[in-house]
Amino acid sequence: MSENKNVDIWIAGAFAAFTVDLIVYPLDTIKTRLQSPDYKKLYTNGAKGYNGVNPSMFRGVYQGVGSVIIATLPSSGAFFTTYEGLKSVLEENNPRYDGGHLLPQPLIHSAASGTAELVSCAILTPAEVIKQNAQMVDNSRTDRPRVNATMETLKRFRSNPFALWRGYTALASRNLPFTALQFPMFERIKQSVRKYRDERGIRTNTLLESGMITAISAGTGGSIAAVITTPIDVVKTRIMLAAAESAAEDQKPPSQGAKSAKDAIVDATGKTVQSAKESLSNTVKAVARPSIRKGSMQIAREIMAAEGVKGLFRGGALRAVWTMLGSGLYLGVYESGRIYLAGRRGEKRTAEDFE
């Protein structure tokens, strides 16, 4: 890919991510709270609000948004660079045979989006863990001062920052099937809409039309994929919320025994030699020891036992709406942004030029 194309992809992807984060983030916060294991205790117990839900459910809906904005800018750029690059490579090297190509187009889109998602998740996971735990910080209580939800969450990971990546597998396990379902549907719907408008002579090839076609196609495909993958999303939410609890356990100091004579010897930093050794040892153990968190299958079985299949689809309708709006805006702004940036350089481009 040319240097200008790479720059366009990063700028358009970052702007699209920023736009979506600001507009649909409140729906994501409500979804996280719905899927939390403490949902009934925190948001319905003794509630007198709308439909039996405590009003605190709808407060602080932008908690944790800062960490996501910071991470989604590079992660979205990495996603689209990988996706567009791998898609181009696969299409250019797709062997021909009588009647077509060896690799069908949906498989190319799935492979490209899946690989891009793995790269993106590595960047996004820490922010996702911070975000979901910050969304659960209760700032509605009047008996204590308000706190910065993001900073409050970060404190829980001070002794073991590697715990921020404990949700990578869960995030990738959700996003891989989601993108593998969404992008082939998105590309197919987009082609069908364009063909329909071309056949009827109503195609205008304007920036607005291109953005609208992309947004509708992405939103439709995304909402279908979102409903199908909701059970994985529920499990992912539980794992990421548990990561903070696990990190807090790592932070608890070990029990202190009786001090010996060698504790009186201090080093240049003012710490006793023994305490310095114990501090280093505890840090290594906190990083290396196995996590006490539950596995995905165990969490899924517990949800099934407590709430049935309905529990695995909790927040599914909201997730579908959130994804329809989010995916539509995200990919619509992304593709429109690339056309606009190319136009600023004096290049006459249409959406088909970026296929």
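## The chain as a whole

Of the 355 residues in this chain, 44% are buried. Keep in mind as you look around that this is a predicted model.

The chain holds 12 helices and two strands. Starting from the N terminus, the elements follow the order α-α-α-β-β-α-α-α-α-α-α-α-α-α.

## Residues 7-27

An unreviewed UniProt entry lists residues 7-27 as a "transmembrane region". In the model, this stretch is 100% helix and 0% strand. Its end C-alpha atoms lie 31 Å apart.

## Helix α12

Next, take a look at α12, which covers residues 316-344. This helix has 29 residues and spans 41 Å from its first C-alpha to its last. That is close to the 42 Å expected at 1.5 Å a residue. Just after α12 comes G346, with a positive phi of about 85 degrees.

## How α7 meets α12

Two packed helices can be described by the angle between their axes and the distance between the axes. Here the pair to follow is α7, made of residues 207-228, and α12. They pack at an angle of about 150 degrees, and their axes are 7 Å apart. Because angles over 145 degrees count as roughly antiparallel, α7 is roughly antiparallel to α12.

The crossing of α7 and α12 is right-handed. What classes of residue make up the contact of α7 with α12? The contact has 12 polar residues, 10 nonpolar residues and two charged residues.

Notes: Residues are numbered from 1 along each chain as its sequence is written. This is a predicted model: local features need pLDDT of at least 70, side-chain atom pairs count only at pLDDT 80 or more; totals for chains, interfaces and linings use all residues. Side-chain values use heavy atoms; hydrogens and water are left out. Helices (H or I, at least four residues) and strands (E, at least two) are DSSP runs, numbered from the N terminus. The expected span of a helix is 1.5 Å times one less than its number of residues. Axes are lines fitted to C-alpha atoms, for helices over the stretch in contact, and angles run from 0 to 180 degrees between N-to-C directions. Angles under 35 degrees count as roughly parallel, over 145 as roughly antiparallel, 65 to 115 as roughly perpendicular and the rest as oblique. A crossing is left-handed if the near helix is turned anticlockwise from the far one by less than a right angle, and right-handed if clockwise. Ala, Val, Leu, Ile, Met, Phe, Trp, Tyr, Cys and Pro count as nonpolar, Asp, Glu, Lys and Arg as charged, and the others, Gly among them, as polar. UniProt positions are given in the numbering used here, feature names are shortened, and annotations may be inferred rather than shown by experiment. Buried means under 20% relative accessible area, exposed over 50%, partly exposed in between (1.4 Å probe, protein chains only).
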